[in-house]
Amino acid sequence: MEQKISNQPLPTPTSQSKKRRTPLLSFLSKVSWKLRLQKRELLKNALFVLAERARDPNAKKRHLAMRGLGALAREAPDKQVRKYKKVMLDLLVRGLYDPVSSEVIHESVKTLTIMLGKIQGHGLGSFFIDITLQARTLLDDEDDSVRYSAFVLFGQLASFAGWRWKKFFTQQVNQTQDSLLGHLQDESPKVAKACKMTVRACVPYLKPRKVPSFQSEEDQKNHRLSRQLSHCHPEILLFFYANKIL
């Protein structure tokens with residue numbers, strides 16, 4: 001026997017079923033809020049532990065602390081990184097000036113590049129000076145990896161200097177011209193590429209050098225070097241020649 005399909009509309013939810021659904025939604029909302037709260041508490045607790053390790057006399061523990069900060073900076077939501085940026089920056093700058101361990105310094109530089117990317121340079125305050133001064137010294141480090149990270153960081157600082165630190169950063173860039181130009185031909189291709197990007201970012205801060213009336217043999221060598229580099233970096237050296245920087 002064939003079953004007849006009813007043409008009657010489907011029953012709509014009654015007020016009773018709506019009442020049952022409301023407590024469920026309320027419960028899910030509370031669970032979601034508690035989970036978010038737990039995540040925030042976990043981040044705060046992690047920062048507290050890392051802050052203790054960052055001040056530990058043992059260099060290995062300080063190195064692990066910097067690596068932990070790097071993991072937090074990568075994985076934590078941007079909003080949370082911005083919220084705790086002062087605490088994190090304080091620890092990273094401390095690591096940047098570590099008196100003993102080059103590993104701690106390198107890890108601090110790498111994490112700072114992540115941090116600056118997430119906060120877009122906002123709210124650096126006086127940390128900008130501390131980071132810039134140390135980054136400058138690391139541009140000529142013996143370790144290729146440290147030089148690479150330092151150039152990436154210095155390039156970011158050029159983008160985030162703003163009007164407040166423009167005068168200071170201009171002085172730093174012009175005091176670093178030799179390093180910036182010299183590492184365009186760095187033995188490490190990775191460092192040379194990072195240097196090129198950093199020089200481009202620093203071009204607005206470069207000031208023309210006064211050209212002496214008498215050019216020594218060394219000056220002539222530098223001029224020939226500029227001609228060679230022009231084949232690889234025409235847009236950069238065009239500015240240099242126009243402003244008599246090289």
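Buried means under 20% relative accessible area, exposed over 50%, and partly exposed in between, using a 1.4 Å probe and protein chains only. The model here is predicted: local features need pLDDT of at least 70, side-chain atom pairs count only at pLDDT 80 or more, and totals for chains, interfaces and linings use all residues. Residues are numbered from 1 along each chain as its sequence is written, and side-chain values use heavy atoms, with hydrogens and water left out.

**Exercise 1. Describe the overall make-up of the protein chain.**

Step 1. Count the elements: the protein chain has 12 helices and 0 strands. Helices (H or I, at least four residues) and strands (E, at least two) are DSSP runs, numbered from the N terminus.

Step 2. Check burial: 39% of the 246 residues count as buried.

Step 3. Look at contacts, meaning heavy atoms within 4.5 Å. Of the contacts with a separation of 6 or more, 69% join residues 24 or more positions apart.

**Exercise 2. Decide whether Thr 113 is buried or exposed, and list what it touches.**

Step 1. Apply the cut-off. The relative accessible area of Thr 113 is 17%, so Thr 113 is buried.

Step 2. Leave out residues up to four places away in sequence. Thr 113 then touches Ser 149, Val 152, Leu 153 and Gln 156.

**Exercise 3. Work out how helix 6 packs on helix 8.**

Step 1. Take the geometry. Helix 6 (residues 127-138) and helix 8 (residues 166-175) pack at about 5°, with axes 11 Å apart. Axes are lines fitted to C-alpha atoms, for helices over the stretch in contact, and angles run from 0 to 180 degrees between N-to-C directions.

Step 2. Classify the angle. Helix 6 is therefore roughly parallel to helix 8; angles under 35 degrees count as roughly parallel, over 145 as roughly antiparallel, 65 to 115 as roughly perpendicular and the rest as oblique.

Step 3. Name the partners. Phe 128, Ile 129, Thr 132, Leu 133 and Arg 136 in helix 6 meet Phe 168, Phe 169, Gln 172 and Gln 175 in helix 8.
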